[in-house]
Amino acid sequence: MSPLSTTVPLFSIQPTYLDVLADVQSGKIQKDSFYISCFVSDKSVHGTVDVYRSGSDVVLRGHGGFDVQLGNRKPTLTVACPELNVSNVLIKSPKSQIAAHSTKGIETFDISPQGELYVVGGPNGELSLSSIADGGAFTRSLDGHLTYITKVLFFPSGQVVLSASGDMQIKLWSTADGSNPRTFLGHKRAVTDLAMIGRGRNFLSASKDGTVKLWECGSGSLIHSFTNPLGIHVEPTTMAVSKRHDGISAAPSSPLEFETDDRLVTIGYDNGDIAIYGLSTKNVLASIPTKSVDSEISNIDVVDDRIFVARGKNSEIWDLRSITVPLETINLPSPVVGIGASTANSVAFATQTGTPVVFENHKVSYYVAGFSDSTVIGVKNRSPSDGIYFAGKNGSIKRY
């Protein structure tokens, strides 16, 4: 059976469009405009939107091929671009936003499970931990890495943070006092990703040295190294831990393993391969060799029995129970830089250019505005009730 294939448009909208709307609404100015563009595959349309007052109402008029209206929930926009067969999509503004304390930009971020803290990592080894409730007031700097940060990850307790870097080190930090009680050494090249197992007694790290390593936090011990099942040197770029769906629960091979008995890890590689391992058994459960050139896996997320994979401009949804062909391929006009799923039917995409998009039940649910082109670095799709966080390279973190 051929997979369902969906082509998703992207938009680019002036990041200050909310200021334009507010200025006209308040009467500060009588008329203003903002730019908007739409992209579908290799086609694009570019236009502007006039904003002006008509009595007590704010009116929008699109030009250059756009029909733009204020949605029922202001300032949501309803946008149509007939030339590209795009009709009545929603573009939402952020519910809240915080500004990370970084003068040099950020490369990665995470939100604590309790929604109280966030941590960001920068291009020169900077790490900062901040609180969300007071709008991102600075909490503390976490100093220790020598070069760019590739991944930051909160433990489920929210009291500990893991960080990975191009300096080949993985560091464990206390959110209470900023101390670094343990550093994990063993990788021979830059660490590219981290993944937590259960409550965090164990975690995984991926590296450009070709390995994914399983660690125990309390002792700092290295338990196992996973390599590509085809026996070739390729670099693991991303991974995700999830529950097994084959009913197997195997006792771990080491007394230093905890909560690995019924879990698996899905690993994506820079050549496009995907490998799925049993964490306790260490065996390969499934392998998906790449079938195309330049198909590096940039992001993987797993929710329930669904694997969400991003490779270049194409994303795929697979069924963990039957790895034969993807259930669905999603084609976007720009490479995906972040992917986050909250349920088996809801996934958010952050792309290299254009507005991030939330995709639900095989169709676009809405787009999010507020970022300049080429600034979004990632997404955290926590839960339908808590919302979706997108982060920009300039340090802005916005919740939708």
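Colleague: Which residues do ring pairs link into a cluster?
Modeller: Ring pairs link Phe-184, Phe-203 and Trp-215 into a cluster. Rings of Phe, Tyr and Trp (its six-membered ring) pair if their centres lie within 6.5 Å; planes under 30 degrees apart are stacked, over 60 edge-to-face, the rest tilted. Bear in mind that this is a predicted model: local features need pLDDT of at least 70, side-chain atom pairs count only at pLDDT 80 or more, and totals for chains, interfaces and linings use all residues. Residues are numbered from 1 along each chain as its sequence is written, and side-chain values use heavy atoms, with hydrogens and water left out.

Colleague: How many aromatic pairs in the whole structure?
Modeller: Eight. Phe-390 is in strand β35 (residues 387-392), and Tyr-400 is in the segment after β36 (396-399), ten residues apart. Strands are DSSP runs of E, at least two residues, numbered from the N terminus.

Colleague: Are Phe-390 and Tyr-400 buried or exposed?
Modeller: Both Phe-390 and Tyr-400 are buried. Buried means under 20% relative accessible area, exposed over 50%, partly exposed in between (1.4 Å probe, protein chains only).

Colleague: New topic. Which residues touch the most other members of the largest nonpolar core?
Modeller: Phe-11, Phe-34, Leu-60, Phe-66, Leu-77 and Val-79, out of 41 residues. Such a core is a set of buried Ala, Val, Leu, Ile, Met, Phe, Trp, Tyr and Cys residues joined through side-chain atoms within 4.5 Å.

Colleague: What is Phe-34 in contact with, leaving aside neighbours within four places in sequence?
Modeller: Its contacts (heavy atoms within 4.5 Å) include Ile-13, Tyr-17, Val-49, Leu-60 and Leu-77. A second, separate core has 15 residues, among them Ala-195 and Met-239.

Colleague: Now strands. How do β3 and β4 run?
Modeller: Antiparallel, joined by ten bridges. Two strands pair if DSSP finds at least two bridges between them. β3 and β4 form a hairpin with two residues between them, and Ser-41 in the turn has a positive phi of about 55°. Ser-33 has Asp-50 in β4 as its bridge partner.

Colleague: What order do the strands take in the open sheet of four?
Modeller: β22-β23-β24-β25, with antiparallel pairing. β22 (236-243) and β25 (284-288) each have a single partner strand, so one side of each is left without a neighbour in the sheet.
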